[in-house]
Amino acid sequence: MPAPLPDFRTVAYSRTTLTELMIPSYANFGGKIHGGILLSLMDKVAYTCAAKHAGNYCVTVTVDGVNFLQPVEVGELVSLMASINYVGRTSLLVGIKVIAENVKTGIVKHTNTSYFTMVAKGDDDKPTQVPGLILETRNQVRRYLEAIKRKEMKAQYADQFNNAKSNLTIEQELYKLEGERCQIGFEL
Ligand SMILES: CC(=O)SCCNC(=O)CCNC(=O)[C@H](O)C(C)(C)COP(=O)(O)OP(=O)(O)OC[C@H]1O[C@@H](n2cnc3c(N)ncnc32)[C@H](O)[C@@H]1OP(=O)(O)O
């Protein structure tokens with residue numbers, strides 16, 4: 001029988017940093033690192049952090065805030081710092097900060113901060129409860145509260161967008177295409 005999970009774990013318990021050298025095979029035709037490589041590394045560090053907190057395998061459910069703000073170059077050292085910002089019953093929100101360092105100049109750039117929602121799965125492959133989170137600093141409390149706000153606002157946005165989509169009629173909104181860079185290539 002597996003050992004019972006503790007009721008609560010600290011943020012520090014699962015905090016994870018992954019550092020990887022950007023090698024030439026990671027580059028796109030323009031010589032910069034593929035976004036997909038960075039996404040894959042982000043998924044890896046999110047998984048490690050979430051699984052460590054949960055004490056179980058986890059799956060990625062949603063990814064928020066992926067904006068590649070600055071290109072990453074071959075030869076740079078990319079570090080991905082992940083920590084648990086929030087826990088629900090079976091879900092965890094992992095915040096990931098990505099930085100890239102030029103080893104010659106020492107210049108460090110912040111390339112993005114993203115949020116991965118992961119869900120812990122039990123041996124039956126069903127979502128399973130995760131330990132609660134012990135918040136030990138004001139920053140951890142702030143991140144937890146931000147995560148609650150993010151969840152509330154996402155739910156509101158999803159409702160509003162679904163509503164707007166179901167009320168959308170082409171005839172009423174057609175005027176919005178004026179000035180857009182598209183042409184209607186059939187008879188409406
Ligand atoms: C493209 C890829 O590579 S995907 C990579 C790997 N990812 C996967 O395989 C995930 C596949 N998806 C799944 O297995 C399922 O949809 C699950 C486990 C994520 C959710 O299963 P469900 O049957 O909907 O479970 P349930 O309704 O109990 O929700 C479980 C948790 O997920 C959360 N959840 C479900 N959908 C979402 C969503 N869209 N956004 C945020 N959280 C979500 C729920 O809020 C709940 O969290 P809580 O327990 O903390 O309150």
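Predicted model: local features only at pLDDT ≥ 70, side-chain atom pairs only at ≥ 80, totals over all residues.
## Ground rules

Local features need pLDDT of at least 70, and side-chain atom pairs count only at pLDDT 80 or more, while totals for chains, interfaces and linings use all residues. Residues are numbered from 1 along each chain as its sequence is written, and side-chain values use heavy atoms, without hydrogens and water.

## The cavity

A cavity is a set of points on a 1 Å grid, over the protein atoms alone, where a 1.4 Å probe fits but cannot get out. The count is one cavity of 30 Å³ or more. The largest cavity holds about 40 Å³, a volume being the space filled by probe spheres set on the points, which are joined across faces, edges and corners.

Its lining residues (an atom within 4 Å of a point) are Asn-85, Leu-93, Tyr-115, Arg-143, Glu-146, Ala-147 and Arg-150. Helix 3 (residues 138-167) gives the largest share, four residues. Helices are DSSP runs of H or I, at least four residues, and strands are runs of E, at least two, numbered from the N terminus.

## The largest pocket

A pocket is an open set of points with protein on both sides within 12 Å along at least five of seven lines. The largest pocket holds about 250 Å³. It has 13 lining residues; Met-81, Ser-83, Gly-95, Lys-97 and Arg-143 lie nearest its centre. Strand 4 gives the most to this lining, with four residues.

Ile-170 lies in helix 4 (residues 170-173). Ile-170 counts as partly exposed because its relative accessible area is 48%, between buried (under 20%) and exposed (over 50%), with a 1.4 Å probe and protein chains only.
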